[in-house]
Amino acid sequence: MSAPIAIIGTGMAGLSAAQALHAAGQNVELFDKSRGSGGRMASKRSDAGAVDLGAQYFTARDRRFAEVVQQWRDRGWVAEWSPSLYNFSEGRLLPSPDEQIRWVGTPRMSAITRALLGALPVNFGCRITEVFRGERHWGLQDAEGLSHGPFSHVIVATPPPQAAALLAAAPKLAGTAASVAMEPTWAVAFGFSEPLDTRVEGCFLQDSPLEWMARNRSKPGRETSLDTWVLHATSAWSRQHLDLPKEAVIEHLYGAFAEMIGCAVPAPNFSLAHRWLYARPIQAHQWGALADADLGLYACGDWCLSGRVEGAWLSGQEAARRLLEHL
Ligand SMILES: Cc1cc2nc3c(=O)[nH]c(=O)nc-3n(C[C@H](O)[C@H](O)[C@H](O)COP(=O)(O)OP(=O)(O)OC[C@H]3O[C@@H](n4cnc5c(N)ncnc54)[C@H](O)[C@@H]3O)c2cc1C
Ligand SMILES: NC(=O)C1=CN([C@@H]2O[C@H](COP(=O)(O)OP(=O)(O)OC[C@H]3O[C@@H](n4cnc5c(N)ncnc54)[C@H](OP(=O)(O)O)[C@@H]3O)[C@@H](O)[C@H]2O)CC=C1
């Protein structure tokens, strides 16, 4: 038995790579600092049920990704979401329907990565701090000081600031990861016991501190006990208010929401705020994945491509492809 392949990160990119390697007969072992999988496709369990705080939906423009999403749909992991879409610009809220197919995980966004993980071996609550090369194999060190290994190869599938540190054994890869600037996003959720009197289910915004809002219960399979809304601030607003206390963020964004939604908005029965420090790359790249095939060290993530769920999946596939072709 050869040593397994370590994958650091159980977001879409890491699990895409894990699936491809597992399908090719390779043993993998996954690590994530969080308590569960999903990364930026996480759903937060709350008094109002599970709320999608990160990725809201995804589109499938690449043929390979579109095919795999059809398989996920057949297995019940995802469903189409066709919200009543609006656009808010120059102070005006107007319907903005389109033909785009948008997908969501069911019954919550994180259900997709849970399903992809399946029974693969995983270590949650395990923050990797160092990836080191032994004589013939790789080892990992975690924040508790524990060592893991031996591994034949390592795939780093974290956002670029964490990846840069973990790729220190391959300075060129580390430098590339370090060159990627990420933008933050403040996300807030509000739950109302009485449904708001509006037809809006999803809305793109301009000229506002907000860039997006969604009615969580309009997505398929969601709990409907409260009328729960998720709001995302723009990158610019989030950057300017990066260190604001959560209560102040909730107050500001509640004000922006109440001002634009065009109906009475009572005090919410439930509210929460979450800061995504590394929400999205400032620009897209065409790297696919990063590889030092001779060393056996790889990196993948949305930041290697489009900064979207589709980009993360494609990047994971590319890391796995490059690793397999070098075996
Ligand atoms: C607010 C927000 C809204 C978004 N909306 C959309 C959308 O509507 N549509 C869309 O297509 N995309 C959207 N995105 C982008 C999408 O979520 C990402 O492109 C995608 O989920 C990235 O996947 P990933 O696997 O590359 O990274 P991540 O999901 O970030 O996964 C990385 C994983 O690595 C783990 N990790 C990090 N460091 C370590 C470490 N040292 N040790 C162990 N584990 C570690 C993390 O815990 C995480 O689980 C949104 C993102 C945000 C933040
Ligand atoms: N907040 C983050 O950190 C973050 C947000 N991301 C958002 O993810 C979606 C995904 O992009 P994708 O290209 O897959 O979806 P769309 O085609 O739905 O949206 C692309 C942009 O196009 C505009 N748009 C699309 N449909 C409409 C419509 N019916 N009416 C008005 N405008 C529409 C909109 O851009 P603008 O607001 O016009 O600039 C969409 O954003 C996307 O929303 C990202 O913002 C990804 C990663 C991180």
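This is a predicted model: local features need pLDDT of at least 70, side-chain atom pairs count only at pLDDT 80 or more; totals for chains, interfaces and linings use all residues.
Residues are numbered from 1 along each chain as its sequence is written, and chains are lettered from A and ligands numbered from 1 in the order in which they are written. Local features need pLDDT of at least 70, side-chain atom pairs count only at pLDDT 80 or more, and totals for chains, interfaces and linings use all residues.

**Ligand shells**

A residue belongs to a shell if its C-beta atom, placed from the backbone, lies within 6 Å of the ligand.

| Ligand | Shell residues | Nearest residues |
|---|---|---|
| Ligand 1 | 38 residues | Gly9, Gly11, Gly39, Asp302, Arg308 |
| Ligand 2 | 15 residues | Thr59, Ser96, Thr185, Ala279, Arg280 |

Around ligand 1, the elements giving two or more residues are α1 (12-23), β14 (182-192), β18 (270-281) and α8 (309-325). Helices (H or I, at least four residues) and strands (E, at least two) are DSSP runs, numbered from the N terminus. Domain 1 (5-33 + 125-180 + 287-325) and domain 2 (70-110 + 182-281) each supply at least three residues to this shell. The domain bounds come from an automatic or database assignment.

For ligand 2, β6 (85-89) and β18 each give two or more residues.

**The sheet**

Six strands form an open sheet, in the order β9-β2-β1-β13-β20-β19, with mixed pairing. Two strands pair if DSSP finds at least two bridges between them. Strands β13 (153-156) and β20 (297-299) run parallel, joined by three bridges. Here Ile155 stands opposite Tyr298 in β20.
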